Amino acid sequence: MSRATTLSASGIGVRLGGREILRDIAFTISPGELIAVAGPNGAGKSTLLRVLAGLTPPDAGSVRLGDMDVRTMDRRSLGRAIAYLPQDRTVHWPLKVRAVVALGRIPHGSGPQRGESDIDRAMIQAALKQTDTEALADRSIGELSGGERARVLIARALAQDAGILIADEPAAGLDPAHALALFETFVAIAAQGRAVIVALHDLSLALRYCPGAVLLKDGEVAASGHARDVLTEPMIARVYGITAKIAEVAGVPCVIPVSVRP
Amino acid sequence: MNAMRLAALLGCAALAAFLLSLFMGVDGFTVAGSPEARRMILLEVRLPRALLGFMVGGTLGLAGAVLQGYLRNPLAEPGILGISGGAALGAVIAIHSGLAQVVALALPLAGLTGAALATLALTVLAGRGTGSVTLILAGVAVSSLAAALTSLALNLAPNPFAASEMLYWLMGSLTDRSLTHVWLAAPLMAIGCLLLAATARDLDALSLGEAAAQNLGVDPTRLRWVVVSGTALAVGAATAVCGAISFVGLMVPHLLRPLTSGEPGQLLLPSFLGGAALVLLADVALRILSPMGDLRLGVLTALIGAPFFLWLVLSRRSELAP
């Protein structure tokens, strides 16, 4: 298993086409942490995740992995340290499910051209098992439903065996059983000493599974800290412009959007 | 099919086609004349033709497979970047200006110059971004301009003979090339093909889209540079020497993709060997179909290619329909 390192960003600013997407963002995640990134559409969640993964260079500020600036790291070692799961779930060729998951081993020097090591095979198998996609392994990705495809792509990111996992709305389109299983998986891999950053809209899942939370609004951090201190009724009202109630049902916290505030 | 077995099978096919091209003439396998004449026919007529067929076919198959993988578009083909259009324009200008009659090798050298200028224009137009759409648009712009200027040169041909010579050249052929042509083009094609072959793993990663590929270690700027320069060298040199041999780069990867595991990188070697076999066999077929040499190779490949796509559309219509 790759060892996680603290990932920290400070003073992050991003402009795209003259529009300010992110302004002066600070973010830190240490090994073992699981942090939810939430906020309304267009708040800058995806851009922040791309910056943290070292894919979009910020216009201001820097992202550091341990004591290294991610901009100076070579892409292969960055790919071994951070696995990034984009929101876009397109797979361009009719690959077999197992072959899609095996792509996650590319930063480790394996691939269809070089053959797979025993470690590669073990990681691919474990990732298929964790996402409940073993039975799909020999199917073509094009034949799967949207939710099944989402799980296969999550398996690809898990097979990458990075210390840090950054996932952009991984639960979108999953049925309740697989959404719960996915977050149980995130909790389990955080317990192994890895760091997990998840962007999501389901605040109930965030409250239930993520100890940490960052709430973005208009490209700025509106609140960050313990999820229970961040995802409160007044804060949700301020950031999303809705009246919401937080209730506990069978010991599980639930965020219920009640109405759009006038 | 197992990747090794497929490559071995296609390798045998390409080798057999090469030997067939070397030893089969319009009169079958016999070579008439004195031993000296036979040696000349084999070494100075058939050998360059077979070598060029192998290299040009392989180049077109490989470049087609790389461009389809890179642009994530099964309709991409080696001419999509406009580089072969530039090479064709260069050669047509050499005929138009009469340079081709005066200077030996003026045709291929002008073709290479055209390919280089087209690549320059492509690079400037596509800019510093890494998106595939801008590259395709830049390629369309360059190839349209090259096609327009080629039409202009044909339109203003000094005499009917020059016009027909230009047209024939544009149709693509392996005949009447010498070993000098081979030596001129081979190193460029070899370097280009090596660059293209080196993209295999990056193309695999790109199956998941640009962001995921970048996360898996792909440097998009570097990859674009390798794809464009590899195509420029390999396809530019192939077109400069043999003209435009259409459909090979589009058809071969399509035909072989279902026989591989599906990763674009797995398709590169089979497409090279398959392209070589196809062009060599088409060139051998020409000697039977048209012993006088008036049917052009590029016309024959297009005649094979068009029905192939008709079949492809009919067989895939149900899965492609929304």
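Trainee: Which strands of chain A does helix H5 (residues 146–159) lie across?

Mentor: H5(A) lies across E6 and strand E7 (164–168), running at about 170° to E6(A). Helices (H or I, at least four residues) and strands (E, at least two) are DSSP runs numbered from the N terminus. Angles run from 0 to 180 degrees between N-to-C directions, with axes fitted to C-alpha atoms, for helices over the stretch in contact. Contact puts C-beta atoms, placed from the backbone, within 7 Å. The model is predicted: local features need pLDDT of at least 70 and side-chain atom pairs pLDDT 80 or more, while totals for chains, interfaces and linings use all residues. Residues count from 1 along each chain as written, and chains are lettered from A and ligands numbered from 1 in written order.

Trainee: In what order do the strands of the open sheet in chain A run?

Mentor: Six strands follow the order E6-E7-E8-E3-E9-E10, with mixed pairing (a pair needs at least two DSSP bridges). E6 (82–85) and E10 (220–226) of chain A are the edges, each with a single partner strand, so one side of each lacks a neighbour in the sheet. On average, neighbouring strands are turned by 15° against each other, direction ignored.

Trainee: In which sense do E3 and E8 of chain A pair?

Mentor: Strands E3 (residues 34–38) and E8 (residues 195–199) of chain A are parallel over four bridges; Val37(A) has Ala199(A) as its bridge partner in E8(A). Helix H6 (residues 176–191) of chain A touches E3, E7 and E8, its direction making about 150° with that of E8(A).

Terms used: Two residues are in contact if their C-beta atoms, placed from the backbone, lie within 7 Å.
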